[in-house]
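Take a moment to look over the sequence and the model before reading on. The paragraphs below go from the whole chain to some of its parts.

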Amino acid sequence: MTKMSNLPRDLAEEVLSKVPLTSLRKVRSTCKEWKTLSKRRSFAKKHLGQASVGAASHKVVMMMDLRIYLMSINLNNKNDESCIKHEGKLISGSDEVDVSRVFHCDGLLLFIPKDSTRVVLCNPYSGQTRFIESTFCFRNWWNYSYALGYEKRSRSCSRKYKVLRFITVTDFVECKIYDMSSDSWRFLDPPRGWRVGHYDRGLSLKGYTYWFANKKRSDKSDGDRSFLVCFDLTRERFGPPLPLPFEPFDEDTVSLSSVREEQLAVLFQRWDSLELEIWVTTKIEPESVTWNTKVFLQVNMSLQFQFPFLLTAASFFIDEEKKVAVVFDKNKERSLVNRNVAYIIGVDESLREADLGDSNDKNCYPLACSYVPSLAKLT
């Protein structure tokens, strides 16, 4: 009988390319030959190609109960119990660490451990991990906002990844950027006149990062009170305020997502009427934005819910072809506050609920972002 370790490299690649993404760590720990083979570009191309062939599901990274998981969502499956598949823990470094937030860019993940002075950057596909030491000048470290993106190099196809960290509380403003090539943090000119809530998660799109922001109460100038802001990691500066297609109040829910890694989508729900809207851009750049004149989804949720989606949760994605949005949040029944749910909402006002399981802590909200594996290097 021929052993796997004695198979020709091409055949071994073919066999191992069928291994699920969450099992690659076990493959690499089996033997030195498999570890070397699984990190070859030829294997990665075959493995990622195998995963995409005939794929009818969306891959999402899910932070749930302070751990990071990979899940697949098949919207063709009409069974609410089986349309979401839990594929397993995605990151070995999160097995023993409580994770408070996670961000995705270009196949890389940045996660912020709870009660730790370090942030962690990793590529789950290649297995690369970098621990970044971080000091905090402000006592409440959880009030800091983070971003992961890259500097665009005009003369090469390579990308220089950077981490941004800033805070815009009433009496304290700070902005720092981490450069992987120098393994150090640098101070930048902080933003003025507006603030980003610590619960507002930045969205990385084409190397830039966008946030939902509000004018500070002390700013009495004309113009919209709420808007988007963009940070350009190549120029290392914030752009001008970008208009939203609506005017939210502080109590309203607003959340950002990406569409095919090309456009930006924004979820908006009024706290009083529970009316839900999702808008999609037709053009998005650091200094300009154009919104589709027609809303993608508009549904009154008051018939199904007594409460709006949470300000601290409400991560989502849309499927333009199937004309649905999937929103991740807690169960809306007071007796089931520990239960995590994916709400599948159609433009025809249909509603399906997929149970994601319970959290040990009712204050641990499910947070999800689309995930596409890559060979991006931590440089």
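**From the whole protein to single residues**

Of the protein's 379 residues, 51% count as buried. The model is a predicted one. Its secondary structure consists of four helices and 26 strands. The accessible surface amounts to about 18,500 Å², and carbon and sulfur atoms hold 49% of that surface. If we take the contacts between residues at least 6 apart in sequence, 50% of them join residues at least 24 apart.

Four strands form an open sheet in the order β3-β2-β1-β26, and their pairing is antiparallel. The edges are held by β3 (84-89) and β26 (367-370); each has a single partner strand, so one side of each has no neighbour in the sheet. On average, neighbouring strands here are turned by 30 degrees against each other, if direction is ignored. Strand β2 covers residues 67-74 and runs antiparallel to β3, with five bridges joining the two.

Is Ile 345 buried or exposed? Its relative accessibility is 1%, and buried means under 20%, so Ile 345 counts as buried. Which residues does Ile 345 touch, leaving aside those up to four places away in sequence? Among them are Leu 276, Leu 297, Val 299, Met 301 and Phe 309, and also Lys 323, Val 324 and Ala 325. Val 326 is 19 residues from Ile 345 in sequence, and their C-alpha atoms are 6.3 Å apart in space.

Methods
Residues are numbered from 1 along each chain as its sequence is written. This is a predicted model: local features need pLDDT of at least 70, side-chain atom pairs count only at pLDDT 80 or more; totals for chains, interfaces and linings use all residues. Side-chain values use heavy atoms; hydrogens and water are left out. Buried means under 20% relative accessible area, exposed over 50%, partly exposed in between (1.4 Å probe, protein chains only). Contact means heavy atoms within 4.5 Å. Accessible areas come from the Shrake-Rupley method with a 1.4 Å probe; for residues, only the protein chains shown count as cover. Two strands pair if DSSP finds at least two bridges between them. Axes are lines fitted to C-alpha atoms, for helices over the stretch in contact, and angles run from 0 to 180 degrees between N-to-C directions.
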